[in-house]
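Colleague: I have a model open and would like to read it step by step. Could you take my questions in order?

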Amino acid sequence: GPVDIRAFREGSYRRRTEQMLPEAELCFLDEIFKANSAILNSLLSLLNERRVYIGGERLDAPLLSLFAASNEVPLDDSLAALLDRFLLRVRSSNVEGFHFQRLLELGLAHERHLLGGDAPAELQPILSVRDILQLRQALRERLRFGEDFLSRYKALLFQLRGEGIGISDRRAVKLLKLCAASALLDGRETADEGDLAVLRHTWQSPEQAE
């Protein structure tokens, strides 16, 4: 957000955060790794602790989930900490087959709008923030795992590390939450071996994805 000029004149450095990321519940950042270092550094505490620091002020953010897109995966070690905070990495290819006709229809509607035509029909949300909060509450009750599952999880994690796919201790814990979420969405109380499929999205570089 922009600098708060009134506060600056009174001797304090603040930013206006209305309608900005520090007050967002859901966020999508396009071409995230093209942002400057100051923005990228501020994202570290936001993603890990849900906090933003502006000057000497600490803001607790209501962020529920953050998504980002990039045409390139950074190889720079200085960006490794930020990349590590994204649990899932999903490659997006060109649309093919059955959905291609729908892509053309939506794309043309958007182009007509850019040329002064009617705005496309407003999309309706699949989930509300309230729905997401309820799912989080249900997930909390499922963060318990049997010894057999944990044994299989650890073995697979060490195998992935042995293949050169770096999974930090931070992500090792967070990925367990994804296994529990997979079970929740499947209507089960506890995670089983099938939920380990979420680990296929843990690669560090596109070459590792296969």
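Modeller: Start with a term. A crossing is right-handed if the near helix is turned clockwise from the far one by less than a right angle, and left-handed if anticlockwise. Keep in mind that this is a predicted model.

Colleague: In which hand does α6 pass α7?

Modeller: Helix α6 covers residues 147-162 and helix α7 covers residues 169-185. With the term above, the crossing of α6 with α7 is right-handed.

Colleague: How are α6 and α7 oriented to each other?

Modeller: Two packed helices are described by the angle between their axes and the distance between the axes. For α6 and α7 the axes are 12 Å apart, and the angle is about 135°. Roughly antiparallel needs an angle over 145 degrees, and roughly perpendicular runs from 65 to 115. The pair α6 and α7 is therefore oblique.

Colleague: How many aromatic pairs does a search of the whole structure find?

Modeller: Rings pair if their centres lie within 6.5 Å. F145 and F149 have their ring centres 5.4 Å apart. F149 and Y153 have theirs 6.4 Å apart. The search of the whole structure finds two aromatic pairs.

Colleague: What kind of pair do F145 and F149 form?

Modeller: A pair of aromatic rings is described by the distance of the centres and the angle of the planes. Planes under 30 degrees apart count as stacked. The planes of F145 and F149 are at 15°, so the pair is stacked.

Colleague: Which residues form one aromatic cluster?

Modeller: F149 pairs with F145, and F149 also pairs with Y153. F149 and Y153 both lie in α6, four residues apart, about one turn of the helix. The cluster is F145, F149 and Y153.

Colleague: Is Y153 buried or exposed?

Modeller: Buried means under 20% relative accessible area. F149 has 6% and is buried. Y153 has a relative accessible area of 3%, so Y153 is buried.

Colleague: Now the whole chain. How many helices and strands does the secondary structure come to?

Modeller: From the N terminus on, the elements run α-β-α-β-β-β-α-α-α-α-α-α. The protein chain has 210 residues, and buried residues make up 26% of them. Its secondary structure comes to eight helices and four strands.

Conventions:
Residues numbered from 1 in each chain as written. Predicted model: local features only at pLDDT ≥ 70, side-chain atom pairs only at ≥ 80, totals over all residues. Heavy atoms only, no water. Axes fitted to C-alpha atoms, helices over the stretch in contact; angles between N-to-C directions. Helix = DSSP H or I, 4+ residues; strand = E, 2+ residues; numbered from the N terminus. Parallel < 35°, antiparallel > 145°, perpendicular 65-115°, else oblique. Phe/Tyr/Trp six-rings, centres within 6.5 Å; stacked < 30°, edge-to-face > 60°. Buried < 20%, exposed > 50% of the residue type's maximum accessible area, 1.4 Å probe, protein only.
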